[in-house]
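I opened the notebook to look up a few things about the fold. These are my entries, in the order I made them.

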Amino acid sequence: MATFVAIRSLPGITPDALAGAGARVKSCAAGMQSEGTEVRWLRSFFLPASSQTHCYFEGPSLGAVRELNERAGLPFEQLVEVAEMTPAQV
């Protein structure tokens, strides 16, 4: 499976709203999995200085990850495939 990042700008978002967004994407991912689309939310990072979130997903295609974000009602400025690099790999 490929890994993707959704980059969002969320000025003024509260911690409660962030938690609610996480709950929605988690629920929608479970729904898509029950329908046969293996897509997962991996993790998110919030960048307070820029009001951005970077949300990482695993899925079979960009389209599946886009659908997950749309079902969850989460806007994004960019949605792109990423390549992971860890200290253990270098």
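The entries below go from the ground rules to the helix, the sheet, the cysteines and one serine.

**Ground rules.** I am working with a predicted model, where local features need pLDDT of at least 70, side-chain atom pairs count only at pLDDT 80 or more, and totals for chains, interfaces and linings use all residues. Residues are numbered from 1 along each chain as its sequence is written, and side-chain values use heavy atoms, with hydrogens and water left out.

**Helix α1.** I took helices (H or I, at least four residues) and strands (E, at least two) as DSSP runs, numbered from the N terminus. α1 covers residues 15-34, 20 residues in total. From first C-alpha to last it reaches 29 Å, close to the expected 28 Å. The expected span is 1.5 Å times one less than the number of residues.

Next I checked burial. I used buried for under 20% relative accessible area, exposed for over 50%, and partly exposed for in between (1.4 Å probe, protein chains only). In α1 the buried residues are Ala21, Gly22, Val25, Cys28, Ala29 and Met32. Down the helix axis they fall within an arc of 135°, so they line one face of α1. The arc is that of the directions from the helix axis to the C-beta atoms. On the other side, Pro15, Asp16, Lys26 and Ser34 are exposed.

What covers the buried residues of α1? The cover includes β2 (40-47), β3 (52-59) and α2 (62-71). Contact here means heavy atoms within 4.5 Å. Just after α1, glycine 36 has a positive phi of about 105°.

**The sheet.** I counted strands as paired if DSSP finds at least two bridges between them. 4 strands form an open sheet, ordered β2-β3-β1-β4, with antiparallel pairing. β2 and β4 (78-82) are at the edges with a single partner strand each, so one side of each has no neighbour in the sheet. The twist averages 20° from one strand to the next.

I then went through the pairs. β2 and β3 are antiparallel over 7 bridges. Phenylalanine 45 has histidine 54 in β3 as its bridge partner. α1 packs on the sheet, touching β2 and β3, and its direction makes about 165° with that of β2. For that angle, axes are lines fitted to C-alpha atoms, for helices over the stretch in contact, and angles run from 0 to 180 degrees between N-to-C directions.

Leucine 47 is bridged to glutamine 52 in β3. The β2-β3 hairpin has 4 residues between its strands, and serine 51 in the turn takes a positive phi of about 55°. β1 (residues 2-9) is joined to β3 by 8 bridges, also antiparallel.

**Cysteines.** How many disulfides does a search of the whole structure find? It finds 0, taking a disulfide as a pair of cysteine sulfur atoms within 2.5 Å. For cysteine 28, the nearest cysteine sulfur is that of cysteine 55, 13 Å away. Cysteine 28 counts as buried at 18% relative accessibility. Cysteine 55 counts as buried at 8%.

**Serine 9.** This residue lies in strand β1. It stands opposite glutamine 52 in β3. Is serine 9 buried, exposed or partly exposed? At 34% relative accessibility, it counts as partly exposed. Leaving aside neighbours within four places in sequence, serine 9 contacts Ser51, Gln52 and Glu77. Arginine 24 is 15 residues from serine 9 in sequence and 18 Å from it in space, C-alpha to C-alpha.
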